[in-house]
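Here are my notebook entries from a browse through this structure. I jotted things down in the order I looked them up.

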Amino acid sequence: MIDPKPKTIFQKERAPVPGSEGSSRQLDDELLLRQTFAEDARTGLELLFRRYHAPLCSHAVRFVYSKQIAEDLVGEVFFQFYKSEAYSKISTSYLSYLFRSVRNEAYTYLRRELARTSPLSADSENQQATQAVSPDAEIHYNQLYLKVNEAIAQLPAQCQRVFLLSRFEDKKYQEIADELHISPKTVEAHISKALRHLRQALQHDWMTH
Amino acid sequence: MKSDIPKHTLFEYLAGRATPLEKKAVEEWLKVTANAEYFHRCVYEWELQSPQYQPDGDRAFARLMEQIEEEKTAAPALAQETAPRRSINWRFWSIAASITLLLSASAWLLRRTILYKNIETGYGQTVSFNLSDGSHVTLNANSALSVPRFGFDDEVREVMLKGEAEFLIRHTPNDQRFVVKTSEQFQVEVLGTEFTVFARPRGTRVALNKGKIRLDYQNDSRKKKLLMNPGELVTLDPEGRLTRRHIGKTDQEVAWKEHRFAFDNTSVLEICAIMMENFGVVLQPGSDEIATRTITGNFKAETAEELLMVLVEVLNLRIQKENGRIVLTTKETISKPL
């Protein structure tokens, strides 16, 4: 019959309570998470996941513009966090660690995909493991997703629609063609145009070491 | 965890709306490694307030658990090697992707997920968030708001609502209009103001708290306009009839924000509709007499059961469960004796 508490766990977390996020509460949260991990890592992982999964995905999608890829990236960060037992090693808060990792993963992903035409940047790809320490990294990440957003907003309407259908919604060329009543060839043309535009817009954004 | 940079400045910076001076200050501040902790906390809060979309957390967690199980059962020797770090297929354009997984939203929302960002609530949930223009929205249970992914900041800020929401609209320097569409036939247009919109199958209701708004609606296929003043409540029934009345304070319209239900001579029949809208629970009056009984007063109820208890106690009724429905009957009669 009535389920008195429908799946509210995500919603309760998500509903922001402006001003009520005192720093003492943050510390308590973090402490609770750490204690849970110490007692039982699996339970700790679930708590951590319930708390941060949605905002992390929301953040990642600003970079990669695909729900699928955003969730893959975030899932991978949680997986590594668990597998490498980072939870017992890191000195920063879990929250900070997760956001830093997701931003870094998203950055790396975009660079692999969009900067690969240049042999120079393909080279620097090998150094990606060390890049997290760069003091400017966080600033670069911010600029990057804002630029991605701006670049997509600049696309002509139809090109943008095709791009988002393919990218954000993960649809096949044929499906997009059917939906928009255009030929698959046109879909392809729109997508390579969007890609070219993105590559160009972001070409100076790949950090050099 | 004190910061020299106010949180709202960081939010503006994250949204790409900071002034050049603010931007410079934030970026200087960010170069100090110790500030990363506070910065990430702000990114987290910002994402809670302005989510891009809502992922299916249950499914994602199940997948993570599978991945962990697989890892365990794989030969332990293999794990020693520097295994390929990621299981992600690095495709930018995935042609053969599993799109079916994404097709779980309802048809109405599906068409709009491409160019629109959707925020949805389930039964019994409410959620508050900011739009990219700084306007604040609180969404009641079983409701959905669609916001254009691009072009929202253009001349007209347009959103689509199914269900019930409160809007606190930020007036922009360039006087952009803000439009809430509830159907092809009805829309609310404003500059900067506070109001609530209720748009469900049993009608549309708009209550204005501050400022001025214009309603555009269709009646007998003719387009009509109505200017609303603060303290007014306009209702549009499913047949397209419009009524306007002055109610003074509009607080009652947003009672749901505190999980309160404000009843004012509200009939049991109406409460049954509210039950369905907010909790997805099928409740039916056992007789016409019960259907027309009314309740007045404020009641706090976070769940369907709490609201049901109120009804039962106030009206001295009993409940009977019959194949997925709940029927309200009087205490004396037993409708289905065995």
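Predicted model: local features only at pLDDT ≥ 70, side-chain atom pairs only at ≥ 80, totals over all residues.

**Entry 1: two positive phi values in chain A.** I looked up A:Glu85 first. Its phi is near 55°, a positive value in a residue other than glycine. A:Glu85 sits in the loop between α4 and α5 (94–114) of chain A. Is A:Glu85 buried or exposed? With 11 C-beta neighbours inside 10 Å, A:Glu85 counts as exposed.

Next I turned to A:Tyr65, which is not a glycine either and has a positive phi of about 55°. I found A:Tyr65 in the loop between α3 (41–64) and α4 (67–83) of chain A. Here the count is 21 other C-beta atoms within 10 Å, so A:Tyr65 is buried.

**Entry 2: a glutamate on a helix.** A:Glu150 belongs to helix α7 (residues 137–154) of chain A. I counted 11 other C-beta atoms within 10 Å, so A:Glu150 is exposed.

**Entry 3: the cores.** Which residues have the most contacts inside the largest nonpolar core? They are A:Ala60, A:Val64 and A:Leu73, in a core of 61 residues. Another core, of 32 residues, lies apart from the largest one and includes B:Leu139, B:Phe167, B:Ala207 and B:Tyr217.

**Entry 4: chain B overall.** I noted nine helices and 18 strands in chain B. The chain has 338 residues, and 30% of them count as buried. Among contacts in chain B with a separation of 6 or more, 45% come from residues 24 or more positions apart.

**Entry 5: a helix pair in chain B.** I looked at helix α1 (residues 7–14) and helix α3 (residues 36–49) of chain B, whose axes come within 10 Å and cross at roughly 70°. That angle falls in the 65 to 115 range, so α1(B) and α3(B) are roughly perpendicular to each other. On the α1(B) side the contact uses B:Lys7, B:Leu10, B:Phe11 and B:Leu14, and on the α3(B) side B:Cys42, B:Val43 and B:Trp46. By class I get six nonpolar, no polar and one charged residues in the contact of α1(B) with α3(B). The crossing of α1(B) past α3(B) is right-handed.

Note on methods:
Residues numbered from 1 in each chain as written. Chains lettered and ligands numbered in written order. Axes fitted to C-alpha atoms, helices over the stretch in contact; angles between N-to-C directions. Helix = DSSP H or I, 4+ residues; strand = E, 2+ residues; numbered from the N terminus. Parallel < 35°, antiparallel > 145°, perpendicular 65-115°, else oblique. Left-handed = near helix turned anticlockwise from the far one by under 90°. Contact = placed C-beta atoms within 7 Å. Nonpolar A, V, L, I, M, F, W, Y, C, P; charged D, E, K, R; others polar. Buried ≥ 20, exposed ≤ 12 C-beta atoms within 10 Å, placed from the backbone. Core = buried A, V, L, I, M, F, W, Y, C linked by C-beta atoms within 7 Å.
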